[in-house]
Amino acid sequence: MPAHPRSSPELPLVVVKMRTRGLSVFYGEKQAVHEVDLDVGGNQVTALIGPSGCGKSTFLRSLNRMNDTVDGVRVTGEVELDGRPIYAPDVDPVVVRRHVGMVFQRSNPFPKSIFDNVAYGLRIGGMKDKAELAIRVEKALRHAALWDEAKDRLHDSGLGLSGGQQQRLCIARALAVEPEVLLMDEPASALDPIATARLEDLISELREHLTIVIVTHNMQQAARVSQRTAFFYMGKLIEVGETQRMFTRPGEQATEDYISGRFG
Amino acid sequence: MTTFSLVPPGAPARPAGVFTRRDGLVDSLLVAGTGSACVLMLVMLGVVLLDIVVGGGRRLSWEFLTAAPTHGMTAGGIFPAIVGTALLTFLMTFAAVPAGVATAVYLTEYAPSNSPLARGVRVAIANLAGVPSIVFGLFGIGFFVTTLGGAIDSVLFGGELTFAQPSLIWAALTLSLLTLPVVVVATEEALRSVPQSLRDASLALGATRLETITRIVLPEAMGGILTGAILAVSRGAGEVAPIMFTGAAYFLPRLPSHLNDSFMNLGYHVYVLATQSPDVEKTKPILYGTALVLLLLTFLLNLVAVIMRSRSRGKVKPAQF
Ligand SMILES: Nc1ncnc2c1ncn2[C@@H]1O[C@H](COP(=O)(O)OP(=O)(O)O)[C@@H](O)[C@H]1O
Ligand SMILES: [Mg+2]
């Protein structure tokens with residue numbers, strides 16, 4: 001087997017679902033993300049790794065314009081979804097978020113029933129028909145691998161579920177509006193190992209239906225669930241490539257130091 | 001003499017006596033002091049309540065609650081004052097609660113954290129809360145009765161005296177100004193207790209800010225908002241100073257039927273009976289009875305607030321009541 005050059009050329013992505021060019025994010029005067037160019041492949045899982053505080057969450061939140069909801073945040077550069085710029089002046093961030101869903105670090109079900117949690121986004125979107133809602137809720141719960149556990153208690157509070165189930169409920173809620181991309185910010189960080197394993201299986205299944213970008217501080221998790229991995233350090237994208245290659249033959253010293261546990 | 005001992009810097013890590021109590025005397029004094037302050041407060045409340053309940057309980061009867069005062073207010077009941085207080089409270093709530101909730105929603109959900117407007121409004125609210133209630137009364141007669149009422153009369157009634165006189169509507173509005181800061185502060189607190197993560201979840205699902213507020217934030221905060229509103233209203237309902245110039249009547253045996261009628265009021269009635277009565281000894285039982293009714297109504301409102309608060313926290317099941 002020939003030795004790889006330090007920066008091996010990657011296989012081109014089949015479909016680029018999201019693309020950022022020169023993306024910078026500022027909190028007031030402080031710059032948290034520096035000029036990031038990243039392509040997110042369609043029906044792939046892209047993992048974002050890096051030491052905490054390096055801007056992974058900030059970067060992730062700029063992919064569905066959630067940063068717009070925070071006071072004093074300024075975003076420059078470009079983000080495209082299927083080639084359409086989502087920061088163009090005529091784009092409604094609310095509409096962007098229906099195409100690019102999000103699951104948060106800590107599960108945050110609404111204090112409503114399981115059914116109403118999942119139906120929330122659909123009702124916001126104007127769906128009123130009871131039968132249609134029921135079909136879509138069931139579909140989302142099945143996709144989130146929660147149907148079997150939840151089908152007999154759809155009208156019980158979502159807060160009565162276990163931690164892992166709550167996180168899957170949040171995924172079902174996000175899936176119900178049928179987004180094209182799902183952003184996940186350390187979704188397993190509050191879960192026990194068994195719930196984490198289930199969640200990882202689920203992520204692998206979901207890839208058939210949509211594109212996933214996941215932030216994780218767990219190297220093994222990144223290796224298990226993702227096809228591509230992007231390494232962030234101090235607000236900059238240091239390196240991105242196929243996950244397997246990133247973990248076996250990182251192209252940058254900083255990446256190698258990080259994945260071998262020398263810092264972070 | 002002090003029982004404190006400070007370990008000087010550079011002393012051995014564990015000097016002798018480091019494990020002995022150093023706060024014994026101060027501690028006991030503090031417990032004794034704070035404890036007796038609590039007892040004193042309870043005793044004072046107890047004396048006031050006992051006096052009013054014993055003095056007023058005898059006077060309380062169906063007739064007292066349903067009849068108008070007679071014989072120069074030395075006999076009869078307090079029905080017009082009860083109705084007047086209820087109407088006043090209702091109108092005041094109607095004015096203060098929506099405005100207060102709307103203000104709080106703007107301050108917590110919309111205004112940027114560094115907005116000068118929001119800061120100005122907060123300062124104004126804090127100052128409004130510190131204004132003595134008699135000043136509200138003076139403001140009420142100066143602004144509502146004379147200026148606003150006068151303007152309405154000259155524009156709508158051809159100068160005929162209709163609204164430019166103390167009346168129910170002006171008293172209610174004056175009182176609502178006094179209640180407003182409390183409603184705003186209580187609502188802000190209730191809104192802030194809704195976790196940001198719920199707002200984020202809703203926004204991330206493609207809900208607008210308004211949808212997030214109406215479907216998630218307000219329902220979550222409703223218990224706290226209602227509790228705060230009721231406490232504010234019950235506080236305002238007992239105030240006399242803001243209404244004595246703006247609409248409360250000394251004696252008015254008939255019930256108010258229009259917004260520009262004046263009205264009797266329990267708090268004002270107590271004041272009148274206590275200070276203006278022609279025969280103090282004869283009025284005393286009525287005075288006590290009126291005070292008791294006012295107290296009971298206020299307690300009733302507070303009880304509703306307490307029940308709602310505990311229910312909204314999910315600690316007490318409704319069935320237990
Ligand atoms: N709301 C905020 N206001 C100001 N600074 C923030 C805010 N959120 C994050 N930051 C800062 O931006 C940087 C990146 O944070 P974040 O994106 O949360 O990193 P990560 O997710 O990689 O841990 C950090 O230095 C953090 O302190
Ligand atoms: Mg983070």
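The model is predicted, so local features need pLDDT of at least 70 and side-chain atom pairs count only at pLDDT 80 or more, while totals for chains, interfaces and linings use all residues. Residues are numbered from 1 along each chain as its sequence is written, chains are lettered from A and ligands numbered from 1 in the order in which they are written, and side-chain values use heavy atoms, with hydrogens and water left out.

**Stop 1: ligand 1**

Select ligand 1 and the residues near it (those with a heavy atom within 4 Å of it). The shell consists of Tyr27(A), Lys30(A), Ala32(A), Ser52(A), Gly53(A), Cys54(A), Gly55(A), Lys56(A), Ser57(A) and Thr58(A). By class, three of these residues are nonpolar, five polar and two charged; here Ala, Val, Leu, Ile, Met, Phe, Trp, Tyr, Cys and Pro count as nonpolar, Asp, Glu, Lys and Arg as charged, and the others, Gly among them, as polar.

Next, display the polar contacts (pairs of N or O atoms within 3.5 Å). An N or O atom in the side chain of Lys30(A) lies 2.8 Å from an oxygen atom of ligand 1. Polar backbone atoms also take part: that of Cys54(A) is 3.3 Å from a ligand oxygen, and that of Lys56(A) is 2.9 Å from one. Taken alone, ligand 1 exposes 550 Å², of which the protein buries 61% (Shrake-Rupley method, 1.4 Å probe).

Strand 2 (30-41) and helix 1 (56-62) of chain A each give two or more residues to the shell. Helix 1 of chain A supplies the largest share, three residues.

**Stop 2: helices 3 and 4 of chain A**

Select residues 114-124 (helix 3) and 130-143 (helix 4) of chain A, which pack at about 110° with axes 9 Å apart. Axes are lines fitted to C-alpha atoms, for helices over the stretch in contact, and angles run from 0 to 180 degrees between N-to-C directions. Helix 3 and helix 4 of chain A are therefore roughly perpendicular (65 to 115 degrees).

**Stop 3: two pairs in chain B**

Move to helix 3 (residues 79-110) and helix 4 (residues 116-130) of chain B, whose axes come within 10 Å and cross at roughly 135°. That makes helix 3 of chain B oblique to helix 4 of chain B.

Finally, select helix 10 (residues 266-276) and helix 11 (residues 280-312) of chain B, which pack at about 155° with axes 9 Å apart. Helix 10 and helix 11 of chain B are therefore roughly antiparallel (over 145 degrees; angles under 35 count as roughly parallel, and the rest as oblique).

Conventions. Polar contact = N/O pair within 3.5 Å; in protein donor to acceptor, adjacent residues only side chain to side chain. Helix = DSSP H or I, 4+ residues; strand = E, 2+ residues; numbered from the N terminus.
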